[in-house]
Structure formats: C-alpha cells, structure tokens
Amino acid sequence: MGGRFHLPVFSGFGGFRAAWLANDISAGLAIAAVGLPSAIAYPAIAGLPPEVGLYASIAAPVAYAIFGPSHRMIVGPDAATMTVLAAAIASIIAAMPAAASIDRVGIAAALALAVGGFCLAARLLHLGVLATFLSRPILVGFFAGISLSILVGQISRVTGLSIEADGLFAPILELLRKSGDIHWPSVLLAGSMFLLLQAATAFRLPVPGPVIAIVISVILSALLDLKGMGIAVVGDIPSTIPTLSLPSVWALPLDKVLLGAGAIFLVSFGSGIVAARSFANRAGERVDADQELVGIGAANVAAGLFGAFPVSMSDSRTAINFSAGGRSQLAGLVSAAALIVILLYLGRALTILPTPTLGAILAAAAISLIDIRELRQIWRVSRVEFAFALVTMWGAISLGVLNGVIIAIAATLSYLLLKMMFPRDALLGRLAGRDGFYKLHRTPDARPVPGFAVCLIQGSLLFFNADYVQSRLRAIFEELPAGTRWFVLDASAIVQIDSTAAVMLAEVHDELAKQGTTLALAELHDEVRQLLERAGVLDQIGATFVFADLDDAFRAFQASGANKAKQEAIAATGVRGQYQED
C-alpha cells in the first residue's frame, strides 16, 4: 500500500465462496433481530424518533459493505456514541438563536456527515493511530461514566414522570420530590422487562433478550391495551424507507458542529477499533485502522445523507455475526434488507411498543458498558491507570459527556507526560570475562570501569523533561569517584530529542569539561544525531567522542589511557617524540 491512499471497494467480499451464502444469510437475519431493539431504543438517548435508528441501521451497513475493509465487522447505532451525540446536539441547540427552528434529526444528520468527513480526512493524513489515542483504561472509565448518565436518563421512561433536571444527582432528587406521581404500572413493566433481559443473558437463551422483550411487550400492549392504562408507547413510525437528502447545515453554529463531531469521532472510532481488534484477534485476523477510517467514514456519510445519525462499530451486531458464522459483508446487506421489510410491513406493530420497555433495554445496555472485570484488572496492574480511569468516569458524570471527552483527552495527555517526564536512568558496568555492558543495579557481579562511567537514559529527551534529566546527570556526576575521565551517555533508548534537550546536553558537556571529564555519546539514532548536528552539539563534543556503540567507546578510552601513560613516560625521561594523542 505504501503511503498512498487506497480506497477499499468490496474488500469485505474478498474470496467469497458459494458455501458462505447460507451462513451469511442466517447471520444477516440474526443481526437484524438483535439490531432492531437497539435501532428503536438508542435514538431516544439523543431525543430522536425511533425510525432514524432504523435508517441508520439500513444505510450505514450498506455503505460499510461497499467501502469497509473487514469481512465481518458490522456498524450500527452504539450506546456510547449516542450519549456523546446527545450532548453534541444539546450544545448546538443551546448556541442557536432562541427563535430558530430546531430540527434535531437534521442536526444529527449534519453531525454524521461531519464525523464521516473527519474519518476521511484522518485517513488522508494517515491518522489511524488516533484509534489508540484514548487508552483502554481511560475508555473503560469514560464508558462507566456515560453508562451512569444513560441509566439516569431512563428515569422518565421507566416511571412515567417528566424529569427536567440534568446531571447525575439532580434528576434523582427530582424523582424523590415527585415520587407521589410515579406511574407504577410503567415501573412494573420496565422492571419485568429488565429482569427478563438479565435472565436471557444469564441463561444464554438462543433468542436475544431484547428481541424477546419487544415481542412480549408488543403482545401485552395489544392484549391489555397498555396505552389505555396510561403506559406510554412509541407511537407512529413512518412505514417508508429512508430517502437521500442533504441536511440543512447553514443555520447551525459551525464551531459547535465541528466540536461535537470531533468528540463523537474520537470516542466512536477509538472504541470501535478496540472492539474490532478484539473480535479480529479471536479470528486470527488483522485490523488496519487507516482502512477502517474509510469504511466507518463512508458509513457515517451514508447515515447523514439518509436522515440518520453517527454510527460506530457495533459490539452486539458483530458478536452475533461471528457466532452465527457470517463470513462476508453479505451479512450486513441481508440485515439491512430485513430491516427494510420490518419497516415497511411491521411498522404498525412497533407503534404500540411500550416506552418503559425501551427504558429497560437502554438500562441493560448501559449496565453492560460498565466493565467491572476490566476495572479490577486495571487496579491490579496499575494504580495510576486506575486513577485515570476514575478521573474520566468522574468527568463524564459530573461535567457532562462533551466535557467528559475533554477530560479524557486531558487525562490521556497527562498520563503520557507523566510516563515521559521522568525517564529512568542506570549506570552500566562490565562483567569479568564477558563482552558488553550491564546495568549495575540489576547485575550484582557487574563492576564499574575505573575512570569510565556509562549512563543509560531510558526515554526521549524533550523540553518537558530536559531539566529533570539534567538534574539527574548532575546528581550522578557528584557520586562519581575521583579520577573519572570519561562520562559516556548511552543514547540507545533515546529515540527523540528536541532543541531544548540539545542545549541541555551542551551545558552538560561544559559542566563536565570544567571538572576535567570528557563527555562522549554512543549509539545515537539517526534522527537524534541529525538534530544534534544541526544544533552544533556534536561539534562542541567533538566527532572523536561520538561512537557507534559502547564497545567502540570503551576501546577508545583504553587507547587514550595507554597514550596518556606513554606521554607521561616520555615526559619523565625527557624524550621529545612526535607522538600525538588520538
């Protein structure tokens, strides 16, 4: 592929065989069955009508099937993405004039187009690495935070109350104040459906829990007239397939649209690639993040053009595809076709679907986002990373989802700086009868070479750690025995350096020179060498004191010692020779 842009078209059908047809069709039907409940329920998180979830579940998989590189990944609505979308829509609406006409569907479609644009621009710039920008611990913490936000958001659907407060605790306090008006039949239905969903998961029923919940709820609604009992229902769902249209974006605040789309892109693509790699590892496959940008970008553009909202890799749909034996993107096309049939011919049945059931489905989905096992693992492995996970969880809960994304980014940058700000160092010595140099603190039999100190810096030298490294080198100088003639810096682990660190090395050279100690460099990477050359540091140190490896430096030190002894002997006998030290 090289550095050129490669547009994968129908890559998801590569190597297609007739033997795959039956599995792909059955997998596609299973994906539609699992995707239907989330397609109807998830739009409610962002205050969107249920049909747009169906539109997203139809248009996005078709576009990914054409442009996506993976054979078995399935795109669609995602609870985490919907939560960030809800915050983005709220931010855009808040920035619009009071008299402006609010079209939430149009805003969502515009955000989907912008997210698709971000994906394609990132692919052109080879920024697939952004998928790893939010570390796993930070994503786990962020998802735990937004899952609590989703749970709080279901209070209205489950209780039948109108909850106007925002945040985590304010809605709960409002619920307590209005507890006398709770519609208990709605609570009973939601609770029953939630328990059914948990039982379906625990007993691993062959039919997905959300499908069972929707079927039972529709039947109960028809038989018992749940609407007449005061239980809210979904209402009219247009029995038409999505049509191509361009959302009106001119009246929207562009800065808020781009900010919201950027947040959605970062969270949805980052979490989507984590999920994609997890599934790919099971199948022994490889995920190319750069190429996935094209597929996910196309899926979002298609969703925006067909009046839907941003999408991401869908864990549940992809898991069903794997378990059902899907082998190509034909499964995604079959799922889209099945949803079109449902939309055209079963839409009336969905109109009597009770809203508390959707609340139960969303609550179950939110709980699944809280990965307690992963949090425990992070606690065992690294308390620092666990603290960052808690920080991002707090940010999403207390400061809102969009601010939570900013907190997650800030936490990531802080974590990176923390890891890089204090690079480790070690003094090296030699073992009797063996070549090479060994860390003195890890190899008890290793001994420092008299007059020849070697220090290994384990990390890049950049502006934010240059002062710390200089202070560490000074501390090491002070501990060196008298008579140390050479101080060699092992640069094998220094992969990057900047101008600030170059000035620091020049100062270190001058400080050592005043003490009568020579600074030498060994095992410089090409990029580091070139920068030090441009900064004039290598000229200051001297080309004869820059070595390919530590052994070369050691031999030069030994030669200089022999030459010095010879010069001293000549001087002592009064002989004047032509010898010149190297």
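Two strands are said to pair if DSSP finds at least two bridges between them; helices (H or I, at least four residues) and strands (E, at least two) are DSSP runs, numbered from the N terminus. This is a predicted model, in which local features need pLDDT of at least 70, side-chain atom pairs count only at pLDDT 80 or more, and totals for chains, interfaces and linings use all residues. Residues are numbered from 1 along each chain as its sequence is written, and side-chain values use heavy atoms, with hydrogens and water left out.

Q: In which sense do β3 and β5 pair, and over how many bridges?
A: Strand β3 covers residues 424–429 and strand β5 covers residues 452–458. Within this pair, Leu 427 stands opposite Cys 455 in β5. The two strands pair in the antiparallel sense, over five bridges.

Q: Which residue in β4 stands opposite Leu 428?
A: β3 also runs antiparallel to strand β4 (residues 438–439), to which two bridges join it. The residue of β4 opposite Leu 428 is Lys 439.

Q: Which strands stand at the edges of the sheet?
A: Six strands form an open sheet of mixed pairing, in the order β4-β3-β5-β6-β7-β8. Each edge strand has a single partner strand, so one side of each is left without a neighbour in the sheet; these strands are β4 and β8 (546–547).

Q: What radius of gyration does the chain have?
A: The secondary structure comes to 23 helices and eight strands, and the C-alpha atoms fill a box of roughly 120 × 60 × 50 Å along the principal axes. The radius of gyration is taken over C-alpha atoms, and the globule rule is 2.2 Å times the number of residues to the power 0.38. A compact globule of 582 residues would have a value near 25 Å, but the chain has 32 Å.

Q: What share of the residues of the chain counts as buried?
A: Buried means under 20% relative accessible area, exposed over 50%, and partly exposed in between (1.4 Å probe, protein chains only). Of the 582 residues, the buried share is 51%.

Q: What share of the contacts with a separation of 6 or more joins residues 24 or more positions apart?
A: Contact means heavy atoms within 4.5 Å. Among contacts in the chain with a separation of 6 or more, residues 24 or more positions apart account for 80%.

Q: Which residues does Leu 29 touch, not counting those up to four places away in sequence?
A: Leu 29 is found in helix α1 (residues 21–41). This leucine is partly exposed, with a relative accessible area of 49%. With residues up to four places away in sequence not counted, Leu 29 touches Val 334 and Ala 338.

Q: How far apart in space are Asp 435 and Asp 551, C-alpha to C-alpha?
A: Asp 435 is found in the loop between β3 and β4. At a relative accessible area of 62%, Asp 435 is exposed. Asp 435 and Asp 551 are 116 residues apart in sequence, and their C-alpha separation is 8.1 Å.

Q: What is the phi of Asp 225?
A: Asp 225 lies in the loop between α9 (209–224) and α10 (254–283). Its relative accessibility of 46% counts as partly exposed. Although Asp 225 is not a glycine, its phi is positive, at about 50 degrees.

Q: What is the phi of Glu 523?
A: Glu 523 has its place in the loop between β7 (518–522) and α21 (526–534). Glu 523 is partly exposed, with a relative accessible area of 28%. Glu 523 is not a glycine, yet has a positive phi of about 60 degrees.
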